[in-house]
Amino acid sequence: MKADLIIKNISNLVTIGEGKSPKRGQEMDNIEILENGYIIVKDGKFLEVGTGIIDLKHIGIKTIVKDGTGMTVTPGLIDPHTHLVHGGSRENEFAQKLQGVPYMDILNAGGGILSTVNSTKEATFEELYDKAKKSLDIMLSFGVTTVEAKSGYGLDLETEMKQLEVVKKLNEDHPIDLVSTYLGAHAVPPKYKSNPDKFVDEIIEGLPQIMESGLAEFCDVFCEEGVFSVEQTRKILNAAKELGFKIKIHADEIVTLGGAELAAELGAFSADHLMATSEHGIKQMAEKGVIADILPTTSFNLNKEYANARLMIEEGVAVALSTDYNPGSSPTENLQLAMQLGSLKLKMTPKEVISAVTINSAFSVDRGEEVGSITVGKKADFVVFDAPNLPYIMYHFGINHAKDVYKNGQQVVTEGKVLPMTKIPKIGSFIADCYGESKKIIQMNKINNK
Ligand code: NIG
Ligand code: FE
């Protein structure tokens, strides 16, 4: 079978391994890295992965052949927690933040999330679309090929649906695959302040409409002191589960409330944040296989403590990492920064970090069967890093190491620049533009076979 694309001579090919399940605890540090590796792609999927010389039978006149000498190749990165679609920005709160006003105080004074709710209500579909598309382009340039995107800046059905419609349209138009989450319970609107349970009931009443619309696959709640209690979160998520939603929880971000334990009780795919989670919560997550989604750029930006990733890994939890991209607690699309903080602040090894942003993040958004590792049969989503080895990506921090990015076998970023993408189909076929290179490799193989 003639390949569409071949990358050969890859100095460090980080395949992760079989990629059939999340990597829990110490497994995170045990991944497959091939030296002098190659990838063969056909019809948007990995056809063959190996080391050394490529069998000539794969090379046809249309096969694109590229050289990976000096490069590190990983699976496409997966950002499993973002608030991608929102109106406006919050630099007007920056001075307050620098003076040490706590995140929750800004929210309680009607700013924070509530300020973005107003901007999102005011924004048109097109404005939200354009802003989010720009962010997706940035993410793609950093090597991110799958992104989870939450609603949560409407707090009314109409605006929440508007956000989710934007996610749907971007999923159709943009090379990045989007996984959609309904976060109607992100804050209590001021008019319900004296009776938050009424708002909880309204959210539950609205869940069937969200489910019927097909606009969201997951349901999430901001379970936090002064936002939604464990009881209220349990009520919403049980109702969501009954309707067929998969579950995530913003858990134990600021106060040790028991969000991690609740995630374990409900069989959530992930519990996210976890800066204040107790040892008991961590043990429960390990026991029930809940993925711990840690967001180190949020800790960095809020100047708060970091989640205890080491204890989680010791206890056998599968850890994922994400940006939490949002206009308040983490205004950055840069997943490589989250990876670098993962090493520098969470003390995760580079191998643990790459497991966290590939296979574990894939499973935390229920995409582990199709992405998250460079494995035959999975989608050919991968990143060519201009880095001699994996640790280098974490060590040389604050810059973008992604050189080329491929989505479904199609090149979408070249030399760090996103290619014009309006015409890029989700699964595309290739036009040979590297005929010269194909010829070169045929000659090389002839010499090698002598
Ligand atoms: O995950 N903590 C709650 N939600 C977001 C922040 C949203 C915002 O501040 O706009 C988070 O950090
Ligand atoms: Fe969040």
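Strand β1 (residues 5-16) pairs with strand β5 (residues 72-75) in the parallel sense through two bridges. Strands pair here if DSSP finds at least two bridges between them; helices (H or I, at least four residues) and strands (E, at least two) are DSSP runs, numbered from the N terminus. In this pair, Asn12 has Thr72 of β5 as its bridge partner. Strand β5 also runs antiparallel to β14 (residues 382-385), joined to it by four bridges, and Val73 is partnered there by Val384 in β14.

This is a predicted model, in which local features need pLDDT of at least 70, side-chain atom pairs count only at pLDDT 80 or more, and totals for chains, interfaces and linings use all residues. Residues are numbered from 1 along each chain as its sequence is written, chains are lettered from A and ligands numbered from 1 in the order in which they are written, and side-chain values use heavy atoms, with hydrogens and water left out.

An open sheet of eight strands has the order β6-β7-β8-β9-β10-β11-β12-β13, with parallel pairing. Strands β6 (77-79) and β13 (319-321) are at the edges with a single partner strand each, so one side of each has no neighbour in the sheet. From one strand to the next, the twist averages 25°; axes are lines fitted to C-alpha atoms, for helices over the stretch in contact, and angles run from 0 to 180 degrees between N-to-C directions. Helix α4 (residues 125-141) packs on the sheet and touches β7 (144-150) and β8 (177-185), its direction making about 140° with that of β7. Contact means heavy atoms within 4.5 Å. Helix α6 (residues 196-213) lies across β8 and β9 (218-223), at about 145° to β8.

The iron ion (ligand 2) is coordinated by His81 (NE2), His83 (NE2), His250 (NE2) and Asp324 (OD) at 2.0 to 2.4 Å. Donors are N, O and S atoms within 2.8 Å of the metal (3.2 Å for Na, K and Ca); water is not among the atoms, so sites may look incomplete. His83 lies in the loop between β6 and α1 (94-98) and His250 in strand β10 (residues 246-251), so this pair ties together parts 167 residues apart in sequence.

Ligand 1 is surrounded by 15 residues, the closest being Arg90, Tyr103, Tyr153, Glu253 and Ser329; a residue counts if one of its heavy atoms lies within 4 Å.

| Side chain | Ligand 1 atom | Distance |
|---|---|---|
| His186 | nitrogen | 2.8 Å |
| Asp324 | oxygen | 2.8 Å |
| Ser329 | oxygen | 2.5 Å |

Key
Polar contact = N/O pair within 3.5 Å; in protein donor to acceptor, adjacent residues only side chain to side chain.
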